[in-house]
Each structure stands twice: as structure tokens, then as C-alpha cells.
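Please find below a colleague's note on the model under review.

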Amino acid sequence: MSGHAPVLLGPSLEGLRVMAGGRYLDGTFGGGGHTRAILDAAAPDGTVLALDADPAAVARAETLAGEPAYRGRLTAVHANFSALADVAAAHGATPLDGVLLDLGMSSFQLDTAERGFAFRLEGPLDMRFDSSRGTPAATLVNDLDTDELATILFRYGDESRSRRIARAIVAARDRAPITTTGALAAVIDAAVGGRRGAPTHPATRSFQALRIAVNDELAVLHAALDGAVAALGPGGRLAVIAFHSLEDRIVKRFIAERSATCLCPPEMPVCTCDAQPALRKVGGSIRAGEAERLANPRSRSATLRVAARTENPAPALDHRYGPDGDAGAGEGWR
Ligand SMILES: C[S@@+](CC[C@H](N)C(=O)[O-])C[C@H]1O[C@@H](n2cnc3c(N)ncnc32)[C@H](O)[C@@H]1O
């Protein structure tokens with residue numbers, strides 16, 4: 001199994017303005033590339049609270065925490081990042097100097113057939129970041145009706161052939177339940193494939209859509225952004241790396257809304273709202289340069305956005321997700 005090459009590493013560290021003695025939260029530990037670099041840049045006494053929903057990633061974080069250079073400076077927690085404000089407070093890590101979210105799945109997950117993320121590897125149709133809770137993709141694929149399936153594929157995969165694929169899935173599962181990645185990929189290929197030389201596999205968008213639905217990714221992202229604003233101290237930095245337009249749009253809008261210095265309707269001649277923005281946008285979107293794109297194809301779809309926490313009070317947490325940040329329901333698509 002290969003490792004995971006961290007994307008936009010330099011720009012992330014710059015965006016976070018990592019400094020010695022700082023307190024950071026990495027909400028997506030994965031293979032630990034970003035965490036390790038933050039710890040190195042924050043040496044000798046900077047700390048990282050590292051979260052991941054995947055127990056396998058948390059085990060890697062615990063191993064890293066045992067390395068002499070990081071002993072006492074890295075705490076690993078098995079948690080969904082939607083609960084990051086509560087987790088940070090419970091570990092006495094607030095106010096934070098920086099929060100990093102590097103969204104999506106790691107190469108470890110993609111390359112492990114049993115996790116069910118890859119249509120190119122035969123495995124159970126799972127796709128949960130945290131396979132100890134929630135609903136696997138096979139349940140959605142075998143239980144939802146045609147309309148519900150088409151909605152997921154269209155909304156989260158921007159799949160223009162969502163109806164045709166949904167109908168093919170329902171017809172196929174009437175013959176036998178669809179329980180593996182290979183079986184689902186074959187159904188989609190038979191329904192809409194056939195373009196030789198197409199740059200992407202016909203199941204690419206459907207697999208992305210199901211993964212987003214299974215993990216309720218857009219709802220937990222909203223909650224994490226709110227949590228970051230609550231947990232950051234004045235001047236603290238928020239850095240988010242998104243891999244598709246749905247999540248990047250959420251990050252972009254969130255930063256724009258929380259940075260707005262006036263929330264009056266456009267027809268108001270003068271500002272009367274006295275908006276107190278909790279964030280200040282830092283620069284524009286950052287994409288990988290040519291060299292990184294060549295060396296790491298994953299970086300081609302990555303967009304980094306950065307914001308700084310102001311001194312103004314944080315708005316109330318209105319995206320708190322589930323009783324303990326649990327992403328188990330997986331029903332945000334309804
Ligand atoms: C792209 S990888 C992070 C890679 C990491 N920055 C590195 O350098 O190795 C994303 C990680 O975030 C985790 N993840 C995704 N959604 C999550 C969530 N809602 N809460 C916690 N972890 C999540 C995944 O399990 C995965 O390990």
C-alpha cells in the first residue's frame with residue numbers, strides 16, 4: 001500500500017502562519033503529512049490536536065505521537081471534525097492558533113479495497129470514513145428508490161445521467177443485491193459507459209456522490225467551519241483544502257459571509273447593520289503549481305482557502321451536528 005502525499009503543504013503552513021509554541025488542530029490527520037510539517041514548523045513546543053473519523057488514521061497518529069521529536073506535542077483523537085470545537089475544549093486546546101481541514105479521503109483509504117471507496121478495486125460497497133458507525137453505501141444502493149438514488153447522484157456527483165444510472169441500479173438489484181464496488185461499477189458502466197478513451201471512468205461521479213451521502217460530507221463541513229470559528233483565538237488561522245466544487249463553494253461562501261463588513265440589503269443607502277465579522281479573508285483561492293500537479297495528480301483538483309479570526313465574538317454554533325458530532329445518520333441528502 002502506498003502512502004499519502006500531502007497536497008499544498010507549503011501554502012497550508014504559510015496560510016496557518018505556523019509559529020513556535022502555537023496550538024493547532026488538524027481535523028483530517030489521514031497519513032499525517034500536514035500534522036508532521038506543522039509540528040516541525042512549530043518546534044520546539046508547538047502542539048497539534050489531530051482528529052480523524054477513521055480509526056486506522058488515528059492509530060497512525062498515535063504512532064507518530066510516540067516519535068521522540070513529537071512526544072508530548074501531538075494528541076490523537078478519534079472524532080468527526082464536525083465536533084472539533086467540543087473536542088478542542090475538552091482537551092484544553094482552546095483558543096487555537098490554527099485549524100486545518102484537508103477534506104475527502106486519503107490514499108490509504110482509496111488504496112484499501114476493503115474500505116469500498118475505489119471502483120477500480122473489488123471490495124465491499126462501504127465508503128464510510130468511520131466504519132464503526134453509520135450506513136454503508138451498499139444500504140443506500142440497495143434500499144433507496146429510483147428518485148432518491150437519482151437525487152444523490154445528481155446533487156452530489158453533478159451526474160447528468162443520474163436517472164438512467166438510478167434506473168439501472170434498481171433493475172440490477174432486483175436480480176441480486178449489489179454488494180461490491182466492482183458490481184456497482186459494472187452496472188454503471190453498462191448503463192452509461194462505452195465511450196472509449198473517455199478521461200474518467202463512467203462510475204467516477206456516482207462513487208463521489210455516494211461517498212458524500214454516506215458520510216454526510218457537506219453537513220459536517222458546515223459544522224466544522226462554525227466550530228473552527230468558535231475555537232480559534234483572535235488572529236488564529238483557518239485553512240481548508242477542498243477537492244470538488246460542492247465543498248469549495250461551501251468554504252468560499254462561509255468565509256465571505258463571516259468576513260462581510262456589512263450585511264444590509266443592497267437597497268439600503270447607508271450601512272446600519274454594524275456587522276461584526278468573525279473572520280477576515282486572507283488572499284484568494286490557491287491551487288497547486290505545475291510541479292506539484294505533475295508529481296501528485298490528486299493535487300490537480302485541490303483548492304486552498306484561508307481566513308483569519310478577528311477579535312469579534314463568534315456567532316452561536318448553528319450547525320452543531322448530532323448529539324456528539326456524530327455523522328452516523330447519513331441522511332443529509334433527504
Ligand atoms: C485527504 S485525507 C488527509 C490527509 C492528510 N492531510 C495528510 O497529509 O496525510 C482526509 C482524511 O480526513 C478524514 N476525514 C474525512 N472526513 C472527516 C470528518 N468528517 N471528520 C474527521 N475526519 C474526516 C478521512 O478519514 C481522511 O483520513
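The points below cover confidence, the sheet, a helix beside the sheet and the ligand shell.

1. The model is predicted: local features require pLDDT of at least 70 and side-chain atom pairs pLDDT 80 or more, whereas totals for chains, interfaces and linings use all residues. Residues are numbered from 1 along each chain as its sequence is written.

2. The chain has a mean pLDDT (the predictor's confidence in each residue, from 0 to 100) of 93, and 93% of its residues reach 70 or more. Over residues 322-330 pLDDT stays under 50, and the model has 28 contacts beyond four places in sequence for them; a contact requires C-beta atoms, placed from the backbone, within 7 Å. Where pLDDT is low, predicted coordinates should not be read in detail.

3. An open sheet of mixed pairing is formed by seven strands in the order β3-β2-β1-β4-β5-β7-β6. Strands are DSSP runs of E of at least two residues, and helices runs of H or I of at least four, numbered from the N terminus; two strands pair if DSSP finds at least two bridges between them. β3 (74-78) and β6 (279-287) each have a single partner strand, so one side of each lacks a neighbour in the sheet.

4. β2 and β3 run parallel and are joined by five bridges. Aspartate 52 stands opposite histidine 78 in β3.

5. Helix α3 (residues 55-65) lies across β2 and β3, and runs at about 165° to β3. Axes are lines fitted to C-alpha atoms, for helices over the stretch in contact, with angles from 0 to 180 degrees between N-to-C directions.

6. The ligand is surrounded by 24 residues, the closest being Pro6, Thr28, Gly30, Gly31 and Gly33; a residue counts as near if its C-beta atom, placed from the backbone, lies within 6 Å. α2 (33-41) and β2 (47-52) are the elements that give two or more residues to this shell.

Methods: Contact = placed C-beta atoms within 7 Å.
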